[in-house]
Amino acid sequence: MPERVYNFSAGPAVMPLPVLEEAQRDLVALPGVGSSVMELSHRGKTYMDIHADAKARLVSLLNIPDTHDVLFLQGGSRLQFSMIPINLLKGTDKTADYIVTGSWGQKALEEAVKEGKTNVAWNGKSCNFNTLPTAADLNLTSDAAYVHITSNETIQGVQFASEPEVGNVPLVSDLSSDFMSRPVDISKYGLIYACAQKNAGPAGVTVVIIRKDLMAHASSDLPGYLVYRNHAENDSMWNTPPTFGIYLLGLVCKWLQEEMGGLEKIQAINEAKAKLLYDAVDQSNGFYIGHAVPEVRSKMNVTFKLADEALEKKFLAEANEVGLTQLGGHRSVGGVRASIYNAMPVEGVEKLRDFMLKFMK
C-alpha cells in the first residue's frame, strides 16, 4: 500500500484506516455473497441487513430515543437547507429563527427565506464570525416554527459547546462537521442533519434525525423526495439509497463502538488533539494568530493565520512536503485550517504541532 499522508482536509475528510482496509478486503466480493456491496440490490436481504445494522449502530452510539426517526438521504447539507423550511415552515404563518454563526449558517438562511418568514436571531458577521452569542444576545421568536443553528462552523472554526436554550421551540442543528465526535442529547432537538464526509463516512450520505411529530407538517403537494415523511415510511428506501456509503457509515459506527470505545472516549481524544494545536498557537507570541476567541474554539477545525502572507504560503508548501496535506484555509477566508476529525490519529496532530514549532523557530 502506498504511504498515507496526514490528510487535514475539511471534507471529504480522512477516514479510519481499519474501515478502509475492511472495505478494501470486501470490495470485490462480500464474504459469503460473491458480489460487491456496490452491486447488491437495495431490496435484497444482504443489503437490507447492512442498512439495518448501520441504523441500529447509529441509534446505539447516539442513544437516539423512540421519539425520533433516522433517515439516510442524499443531497448533503445544501438540500437540507431547503428541505427543513419546506417541511417545517412553508404554508404556516410562523417564523423560523436563524442563529448565524458562520458561512454555513448564512447559506442555510439564504435558502429558508425562499420558503417563509425568517428572523435572524443573531448574526456574527460584524465580528467576522469569531465568536458565538450568549443567551442575552439572542432575539428569539417565542412561537417560532424552529430555531436553526450550525453546531460547528468548519470555515471559521467556532463551535457550540452546548445547545442554546430555545424553550419549547424545536431546535434544528446542522451537525455536519462534529457529528459523532461527542455525545449529544438528541431529546433536545427537533431535527439534526449531517452530511457524512467529515466524521461518519464518505460524501454522498446525509443523516437526518427528526422528531416524528414534526413530519406531519409537510403538505402532500410537495415533490415526493422533499417530504421527510415519505423517507421515514419507507425506511430511507423511497428511492434507491446510497448503498455503499451507508455500508461505510456502518463500518465507521462499528469502529467507534468496538475500537474507540464510544463517543465519550472519542470526545476526550478530540479535545486532547485540539489542545495540542491551540497551545502551539497561544504560545507562539503572535507568530500564529487564531481566528476564533478561545472560549468558542472548534475541536474539529483549528483555524489560524500567520502574520505574513508570503510566510503563510511557505508554511503550507513545506507542510505538504513532509506529508501534512490539505491545510489551506477555505478560499473565502484563507489562512490555515487543520481539520482534526475522529479519524485523524493523535500522531498526525503531534506531527503538525512539531512542524509548527520547528517552522516558527
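**Helix crossing and the sheet**

Modeller: The crossing of α3 and α4 is right-handed. Keep in mind that this is a predicted model. Two packed helices are described by the angle between their axes and the distance between the axes. Here α3 and α4 meet at about 45°, and their axes lie 8 Å apart.

Which residues make the contact? From α3 come R78, F81, S82 and P85. From α4 come W104, K107, A108, E111 and A112. By class, this contact of α3 with α4 has 5 nonpolar, 1 polar and 3 charged residues.

Now follow the chain on from α3. The loop between α3 (76-88) and β3 holds D93. Is D93 buried or exposed? D93 has a relative accessible area of 66%. The cut-off for exposed is over 50%, so D93 is exposed. In sequence, D93 and G116 are 23 residues apart. In space, their C-alpha atoms are 8.2 Å apart.

Next, the sheet. Helix α4 (residues 103-112) lies across β3 (95-100), β4, β5 (146-150) and β9 (191-195). Its direction is at about 160° to β3. The open sheet has 7 strands, in the order β2-β10-β9-β8-β5-β3-β4, with mixed pairing. At the edges stand β2 (68-73) and β4 (117-123). Each has a single partner strand, so one side of each is left without a neighbour in the sheet. From one strand to the next, the twist averages 15°.

Strand β2 pairs with β10 (residues 206-211) in the antiparallel sense, over 6 bridges. In this pair, H68 stands opposite R211 of β10. Helix α2 (residues 45-62) packs on the sheet here, touching β2 and β10. The direction of α2 makes about 130° with that of β2.

Finish with β8 (residues 171-174). In a regular strand the side chains alternate between the two faces of the sheet. In β8, L171 and S173 point one way, and V172 and D174 point the other way. All four are buried. Strands β5 and β8 run parallel, joined by 4 bridges. Strands β8 and β9 also pair in the parallel sense, over 3 bridges. Residue D174 stands opposite T150, and D174 also stands opposite Y193 in β9.

Methods:
Residues are numbered from 1 along each chain as its sequence is written. This is a predicted model: local features need pLDDT of at least 70, side-chain atom pairs count only at pLDDT 80 or more; totals for chains, interfaces and linings use all residues. Side-chain values use heavy atoms; hydrogens and water are left out. Two strands pair if DSSP finds at least two bridges between them. Helices (H or I, at least four residues) and strands (E, at least two) are DSSP runs, numbered from the N terminus. Axes are lines fitted to C-alpha atoms, for helices over the stretch in contact, and angles run from 0 to 180 degrees between N-to-C directions. Contact means heavy atoms within 4.5 Å. Buried means under 20% relative accessible area, exposed over 50%, partly exposed in between (1.4 Å probe, protein chains only). A crossing is left-handed if the near helix is turned anticlockwise from the far one by less than a right angle, and right-handed if clockwise. Ala, Val, Leu, Ile, Met, Phe, Trp, Tyr, Cys and Pro count as nonpolar, Asp, Glu, Lys and Arg as charged, and the others, Gly among them, as polar.
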